[in-house]
Amino acid sequence: MHTATSAAHLTHTPAAMHRVRLLVPGLALTGALAFASIQLGRIGWLQSNGISALTLAIVLGMVVGNTVYPRIGAAAGAGVTFSKANLLRLGIILYGLRLTFQDIGNVGWTGVAIDATVLCSTFGLACFLGTRVFGLDRKTAMLIGAGSSICGAAAVMAAEPVVRGRAEQVMVAVATVVVFGTLAIFLYPVLYHLVAQFRLFDLSPTAYGVFAGSTIHEVAQVVAAGRAVSEQAANTAVIAKMVRVMMLAPFLIILSAYLSRSSAKDADAIDGGDESKASPRGGIVIPWFALGFVAVAGLNSLALLPHAVVTQVIDIDTVLLAMAMAGLGLTTHVSAIRKAGIKPLALAAVLFVWLVCGGFAINAGITALLN
């Protein structure tokens, strides 16, 4: 028995070591970009102009991603993917140490109502415009709508087993939400500073955070756009975004039920009209990192951890998030714009304008109504 266990351990260890060796080059690359971005982010001029380390990380990542990275992608790909997926989720979980349940309560039912309204209106607009105006197939329109309305590429991947989209449809949807979500990182802080400079609206950092969290595509992009303004804005933005991410599971359940019902009427929309194919059959992805974020924030609310420990972990968290942003930048290629085509990009552009303009109107209207 002992010999069998030892043999199993020996055969398992080389596989684990091989996995680690595969991750090292990519992790080293994202780590180097994260270190450079954090050091550059300490420059006074960049700080005064709202350019954070996370913003710099994605810029550096995009520069390297469109120049050097294609030649080393085969060796570094596994580690880069690990950075932008696993390290991002770990970073978001640890981000809870910056928050307490008292902070979460500040978003309240107003924030929940804003997130739900933005989600429903954006997805509905995507389905209508995608099929009626831009002539896209319903699956592509739904995948782009899911990415724009909830949490970017993660929502696209989660919706794929429900919508039963083909690989190229998923690729197009991911490309569009990455392009416009990345644009939001830079546009939103600029809009905030313009509003503050010309006093167009009374937009506090907290209100900006809710606006950013309820309308920007990816979690990482929300973090970067919030940090570019202030810590308060980033905290509120992440809370609003996590509430929106938590809506992913019920959204997929409702979408699955809708497609199952409509498949009998529209056999072309779901493969062969087979309702069993419309159902994910357990394929619904629960955003576990959102639950981890809430759990860590709850732990922080109890004030059990020493302040020095919390500060140290927050510094580590900044590195993890910067590595995730670098990974996102490395895999955002200019060629993705060409691959997406004109019509999907046009739909994503209209949805982006809606998220900025319509999302701001929703934020202002619901806040005035409920507060």
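Analyst: A residue is called buried when its relative accessible area is under 20%, exposed when over 50%, and partly exposed in between (1.4 Å probe, protein chains only). The model is predicted, so local features need pLDDT of at least 70 and side-chain atom pairs pLDDT 80 or more, whereas totals for chains, interfaces and linings use all residues. Residues are numbered from 1 along each chain as its sequence is written, and side-chain values use heavy atoms, leaving out hydrogens and water.

Of the 371 residues in the protein, 50% are buried. The secondary structure consists of 17 helices and zero strands (DSSP runs of H or I with at least four residues, or of E with at least two, numbered from the N terminus). Helix H10, residues 219-227, is mostly covered, with eight of its nine residues buried. Among them are Val219, Gln221, Val223 and Gly226.

The largest nonpolar core has 91 residues, and Tyr208 is one of the four that touch the most other members, together with Ile92, Tyr188 and Phe251. Helix H8 gives the most to this core, namely 10 residues. Such a core is a set of buried Ala, Val, Leu, Ile, Met, Phe, Trp, Tyr and Cys residues joined through side-chain atoms within 4.5 Å. A second, separate core of eight residues includes Leu29, Val64, Ala326 and Leu330.

H8 (residues 167-198) also packs against another helix. The axes of H7 (residues 153-163) and H8 come within 9 Å and cross at roughly 160°, which makes H7 roughly antiparallel to H8 (an angle over 145 degrees). Ala153, Val156, Met157 and Glu160 of H7 meet Val170, Ala173, Val174 and Val177 of H8. These residues divide into seven nonpolar, no polar and one charged.

Val64, Ala326 and Leu330 of the second core return in the contact of H3 with H15. Helix H3 (residues 53-65) and helix H15 (residues 307-330) pack at about 35°, with their axes 7 Å apart. Residues of H3 including Leu54, Ile58 and Val64 meet residues of H15 including Leu321, Ala326 and Leu330. This contact divides into 11 nonpolar, four polar and no charged residues.

Technical notes. Axes are lines fitted to C-alpha atoms, for helices over the stretch in contact, and angles run from 0 to 180 degrees between N-to-C directions. Angles under 35 degrees count as roughly parallel, over 145 as roughly antiparallel, 65 to 115 as roughly perpendicular and the rest as oblique. Contact means heavy atoms within 4.5 Å. Ala, Val, Leu, Ile, Met, Phe, Trp, Tyr, Cys and Pro count as nonpolar, Asp, Glu, Lys and Arg as charged, and the others, Gly among them, as polar.
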